[in-house]
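These are my notebook entries on one structure.

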Amino acid sequence: MSILVTGVAGFIGYHTAKRLSLAGHEVIGIDNLNDYYSVELKHARLLQLRSLCGFRFHAMDIVDKPALMALFAEEGFTQVVHLAAQAGVRYSLDHPDAYAQSNLLGFLNVLEACRHHPPAHLLYASSSSVYGANRKQPYSVEDPVEHPVSLYAATKRANELLADSYCHLFGLKASGLRFFTVYGPWGRPDMALFKFTEAILQGRPIDIYNQGQMARDFTYVDDVVESIARLCPKPPTPSKDGTGSHRIFNVGRGRPVALLDFVDCLETALGIKARRNLLPMQAGDVIKTWADVSALTDWTGFSPQVEVEAGVAQFVRWYREYYRQPDVDGR
């Protein structure tokens, strides 16, 4: 297959492109390499990918519609895995324009490119944040999602609605993936695991919001990538009127972990106790997330399975190696 991965220098994009390339597919990656977080880390991921047979990279912004349309026309992608987006709930409070450009206009451009040069399947990143103020748990893809509590969440819900419209109007086949707190090696520096690890190793306290009374459905990145790899060749079946097909899947471990237990796992992996700075709840945040992954399992035969203890240990191992941080024995 010829597969486009947008946001390929990002955390999930890197792992996805690596997995698909190693499986023998031709993978073309695009990324605008913005400075939302360390560009050096993004280049380091790309350096790993450039060594893989069948991988090619184009520096490109999905907001640049003519360039995107030209790429689709030239390559004739069989699958599109759209992961490029402006990430971060808290960042959206102060930088709304970045989300309008990348998550709304950029996604519309991807849909237009798919409309005129249809792949067999478009997979795109949504987010568990679309569940917003929902109180029923675990979150099911059948639940209404009408009350997002952040701009980031609102743009991701808008993506789902746009995709549904394009599938209905133009016969596209698309799957939206609601990711639940993805973590693992090569992770994003703005995510809690990365920030906690950095602070603990530097002897600084870690900020824990809502006095630690929070829980997340932490999902290891290999489980996310396996889900994507299994979904790629399985587009949704056409709707009854034959105009197109669109499905939503939760991609999560299916098991919430208390934030303080997550910190305990990190302390064990590091061999260092954290200094915990307990703070009030932040705007745009939610207390608990929990994924019902039955739709994913029914469709692909796979359900995420990596336990948080093992996943956190893998991240710490990568972090120490990448940043040349000795372990507790000084090695």
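Where is the place of Pro-138? I found Pro-138 in the loop between E5 and H5. The peptide bond from Gln-137 to Pro-138 is cis, with omega near 0°. Most peptide bonds are trans.

**Basis of the entries**

I note that this is a predicted model, in which local features need pLDDT of at least 70 and side-chain atom pairs count only at pLDDT 80 or more, while totals for chains, interfaces and linings use all residues. Residues are numbered from 1 along each chain as its sequence is written, and side-chain values use heavy atoms, with hydrogens and water left out. Helices (H or I, at least four residues) and strands (E, at least two) are DSSP runs, numbered from the N terminus.

**The loop between E5 and H5**

I looked up a further residue here. Ser-129 also has its place in the loop between strand E5 (121–127) and H5. Is Ser-129 buried or exposed? Ser-129 is buried, because its relative accessible area is 18% and buried means under 20%, exposed over 50% and partly exposed in between (1.4 Å probe, protein chains only). Leaving aside residues up to four places away in sequence, Ser-129 touches Tyr-152 and Ala-153; contact means heavy atoms within 4.5 Å.

**H4 with H5**

I then examined the helix pairs. The axes of helix H4 (residues 96–116) and helix H5 (residues 151–170) come within 10 Å and cross at roughly 15°. H4 is therefore roughly parallel to H5, as angles under 35 degrees count as roughly parallel, over 145 as roughly antiparallel, 65 to 115 as roughly perpendicular and the rest as oblique. Axes are lines fitted to C-alpha atoms, for helices over the stretch in contact, and angles run from 0 to 180 degrees between N-to-C directions.

On the H4 side, the residues making the contact include Tyr-99, Phe-107, Leu-111 and Arg-115, and on the H5 side they include Tyr-152, Ala-158, Leu-162 and Phe-170. By class, I recorded 13 nonpolar, 3 polar and 2 charged residues in the contact of H4 with H5. Ala, Val, Leu, Ile, Met, Phe, Trp, Tyr, Cys and Pro count as nonpolar, Asp, Glu, Lys and Arg as charged, and the others, Gly among them, as polar.

**H3 with H4**

At what angle do H3 and H4 pack? Helix H3 (residues 65–75) and H4 pack at about 35°, with their axes 9 Å apart. H3 passes H4 in a right-handed crossing. Lys-65, Leu-68, Met-69 and Phe-72 of H3 meet residues of H4, among them Asn-109, Glu-112 and His-116. The contact of H3 with H4 has 6 nonpolar, 2 polar and 2 charged residues.

**H1 with H2**

The axes of helix H1 (residues 11–22) and H2 come within 10 Å and cross at roughly 5°. H1 and H2 are therefore roughly parallel to each other. Phe-11, Tyr-14, Ala-17 and Lys-18 in H1 meet Arg-45, Gln-48 and Leu-49 in H2.

Helix H10 (residues 308–322) has 15 residues and reaches 21 Å from its first C-alpha to its last. This is close to the expected 21 Å, the expected span being 1.5 Å times one less than the number of residues. Among the buried residues of H10 I listed Val-308, Phe-315, Trp-318 and Arg-320. Their cover includes helix H2 (39–50), helix H6 (192–201) and helix H8 (259–270). The buried residues of H6 pack against E7, E8, H8 and H10, and they include Leu-193, Phe-194 and Ile-200.

**Positive phi**

Most residues other than glycine have a negative phi. I found Trp-186 with a positive phi of about 70°, in the loop between E7 and H6. Trp-186 counts as buried, at 11% relative accessibility. Gln-211 has a positive phi of about 55° and counts as partly exposed at 39% relative accessibility. Arg-324, which follows H10, has a positive phi near 55°.

Technical notes:
Left-handed = near helix turned anticlockwise from the far one by under 90°.
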